[in-house]
Amino acid sequence: MTALSHAAEDALDQVRRGNRPANAALVTAVLAIIDRLSSLCAALGSMGQEPQGDDSDVIGALAMADDRPAAEPASAESVPAPADEEVNAELQSWRSIRVPLPLLDSVMTGVTDIVLARNEFARLLRESGADASVIASFDRLSDSIAGMRQSVSQMRMQRIDKLFSPLPRIVRDLAQDFGKKVRFSSSGGEVELDREMMENIRDPLIHIVRNAIDHGIEPLDERVAAGKGVTAHIDVSARQSGNQIEIMVRDDGRGLSPEALVAKAISARVVTASEAKALTPREKLELIFRPGFSTAAKVTAVSGRGVGMDIVKANLEKIGGVVELRNEEGRGLTIVLRVPMTLTIISGLMVRAAGQYFAIPRGSVREILLEMSDSVRIDRVGGGELVTVRGEQFPLLRLEHALGSAIDASEDQDDRAIILIRPGQGHSYALSVAAIHDHEELVIKPAAPIIMATGLYAGTTLPDNGRPVLLLDVQGLLAAAGVDASEAGRSHDADAEAEAEVAAARDAAQLLLFCDVGGRMRGVRLSVIERVEEVPAAALFESAGRVQAKIGTDIFPVHAAAAPGGRDAVKLLRLHDGRSVLCYPIEAVIDIVRLPDAVQPAQAPGLIAGVVLIGGQPVELIDPFWLMAQYGAGQTAPLRRQPLCRLADDPDGWAGNFLAPILRSAGYRVIGGDEVVEGERPDVQLCLVDGPAAPVAADIPLVRLRASVAASGPDDDSIYRYDRGALLEALRVRVAGA
Amino acid sequence: MMEKLYLIARIADTRVALRSRAINSVVTVGTPVNVPAAPPHVAGLFALRSRVFTLIDPHVVIGLPAVAVAPGQRVIVVDVADHGYALLADAIEDVCFIEAPETRVTGWLLPGWARVADAMIEHEGASLLVVDPSHFVTLPVAKAA
């Protein structure tokens, strides 16, 4: 073990000193030593002693790497590729503990049961008419249970990063083995996936990446001949798309050749020649999923592992996933793995139809509108229905019809809402439901196969009320209804519009609606609000003719005529312009809405910038610009860094007693002649002309003060010591020049 | 001994014996949640100990008209292929050891029963059908219609 680590250390040391170049062979050799070390450590841990064995092969690889700096694949071949388990173990041991999944499941079940019991208990409490203190403490319990439920749900989720992290190493080792140059990139690591799903995708994903390097990417000379860069590129990305998590593995290799696949399939007796003729191009590609099929002309060390694409496909289908091929012959292959998010936690929109609740994944919802809204027009066209929303047309699906139920006549027609759904790229439709309920974080579990077979549902979930709710499969609904939801050829270019919409949403300012202390509804742009603060009334006081608030250790001006009396606490909006803060007292926050485009501006500049209509109600818009202008004047703007001012001499204490307070209020820090601030040079220094000669540092800008009103001569640049304006101006100029 | 333990219940208007090892538990249900567009023998969903179970109406499987679920009705909970199901029972009679051996089904049965019955068993002077709960669940949709 010592020998191993020393060998690696020596090699790296030489690299550091610049005695040898850090080439690929060296890195391979060092990584091999690390692998050997970790296997030794594992052996030590389990057997209590170091296993006998010769490590000279790995150390030798290091020497060989030294001998032949031009890395030939041959030198790397002596290094076995590490098993995936080892790589994973290394990466996962960081700052986490291992918990068996069944334990997590039982915690999850336990918490959900607590929630159900709580709801039952809450109902009993309400019925028994318990007194307020009991209910208050029960509510506290409820809140902590809700918090716990959320954390437990989060516990099962894992960033897909974990799945991607061993890949760079695998790619690197394999590329070395095959003598290929491969650049690896990954994105979307922040997508979260249920741990169990992750386990099921891991092997297929690694296998696909292996295949890409082994079969997909051409040898160097072929790449050059095809006019491609020598370095191939493999990209792995993940994203959430509606009901599903999509993982894409893209390479820029040779892609699949349908004809070669067919020839291979015939020779491997997977299909007969006559069957092959009848295959569509797509079916030809999908031959690689047939059992017993292997595209490699010769069996290599990697493809000889006995896992074929058929196993990959079977593994994914077992968890309800799909494998899709996007082939560009000669230019690369993209393999898309789609995994349902069943077993995952999603944000779901609860809707009502036919007298019961259903959940819709929030991710595929584009917009929600009331059917009675002015911007919605519904046309009956040839028995079907069509919705036009702001000039864009969508096929309309009534959820009750899609489910084969009757529309509940007792529902209020005014509540009917239209949900614009985009189940995938290039498709969208409008779903009409009886009412929108709310949205919740939902734990999705697969429904029984007989229910999944309807194609309408993506799973079941159990919200807080303990009544199971079905999650709708927004894509399946379309298929069942036989509606063509393709956006191509619709009245407007939906993609462009969607993009514009996103851009508009980004630009659209949000408005914080609040009720001010006078009981009027007003609004202010959300972006100027730093936060909403609730302070005890005692924290507000009047000083120098204006109301101030003490929040923590700071004092802020408050926009109020007088400190409010007769209440315990005051809510304050903290307006922030990047430098200073102004507090605006309010009664309560009402809502956050999108700021409408149409603003009726006020006649004269003042507190109210204008009036907008929010939900039919006129709302006065506060003008933060005007407000800040009112209060900004008297304030010294807190500078990023307060300049340091040194009083070079102060024989009679005048500078310390008279001058220093003025300087401090102007935003300077003041030190005496013999004081030193650690690590900082003074920005400016002051001295008195008619005092005794003071020790003045030559390299610091100097302002000289005189006691007499008149200057002693035309070239006297000193300043009369009570000329506040001139003094501050001189300081400012010199600090700025420094 | 477990092989000899049977649950005697009345499902789809018929007394049957169910092998106890196939059964998870017997519980009562409240109002189940309807599953629109599901096969007719699916009577709904209900939650039990934070699991969601699919309620099966044996009447439909046998070929009888569906019956409404009464609140508090007892159901037989079974696990089939890692999914939880519950069979609506008209009545739960007894859990008992039956020493008599299971015998081949003799005589003519209604097609519905023929599909779900595994064997027959003699108990307290009556012949009971031994049914496998999983046959109620994995009913092909076409046959149920």
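Author: Two strands pair if DSSP finds at least two bridges between them, and strands (E, at least two residues) and helices (H or I, at least four) are DSSP runs numbered from the N terminus. Bear in mind that this is a predicted model, so to speak of a local feature takes pLDDT of at least 70 and to count a side-chain atom pair takes 80 or more, while totals for chains, interfaces and linings use all residues. Residues are numbered from 1 along each chain as its sequence is written, with chains lettered from A and ligands numbered from 1 in the order in which they are written.

Let's start with strand 25 of chain A, residues 569-576, which pairs with strand 21 (529-536) of chain A in the antiparallel sense over seven bridges. Pro536(A) stands opposite Ala569(A) there. Strand 25 of chain A also runs antiparallel to strand 26 (581-594) of chain A, with six bridges joining them. Follow Leu573(A) across and you land on Tyr584(A), its bridge partner in strand 26 of chain A. Strands 25 and 26 of chain A form a hairpin with four residues between the strands, and Gly578(A) in that hairpin takes a positive phi near 100°.

Now for some helices of chain A. After helix 12 of chain A comes Arg269(A), with a positive phi near 55°.

Helix 18 (474-481) of chain A has its own buried set: Val474(A), Leu477(A) and Leu478(A). They too span an arc of only 100° around the axis, so they lie on the same side of helix 18 of chain A. Gly482(A) follows helix 18 of chain A, with phi positive near 65°.

Next, the nonpolar cores: sets of buried Ala, Val, Leu, Ile, Met, Phe, Trp, Tyr and Cys residues joined through C-beta atoms within 7 Å. The largest has 81 residues, and Leu472(A), Leu55(B), Ile56(B) and Leu87(B) touch the most other members. Strand 4 (42-48) of chain B gives the most to this core, six residues. A second, separate core of 37 residues includes Leu163(A), Ala238(A), Ile245(A) and Ile247(A).

Where the chains meet, contact (C-beta atoms, placed from the backbone, within 7 Å) takes 18 residues from chain B and 23 residues from chain A. On chain B's side, strand 4, strand 5 (51-56) and strand 7 (83-88) of chain B each supply at least two residues, with strand 4 of chain B giving the most, four.

As for chain B overall, there are four helices and ten strands, and buried residues make up 34% of its 145 residues. How confident is the predictor? On ipTM the model scores 0.82, and on pTM 0.45.

Definitions and conventions:
Buried ≥ 20, exposed ≤ 12 C-beta atoms within 10 Å, placed from the backbone. Contact = placed C-beta atoms within 7 Å. Arc of directions from axis to C-beta.
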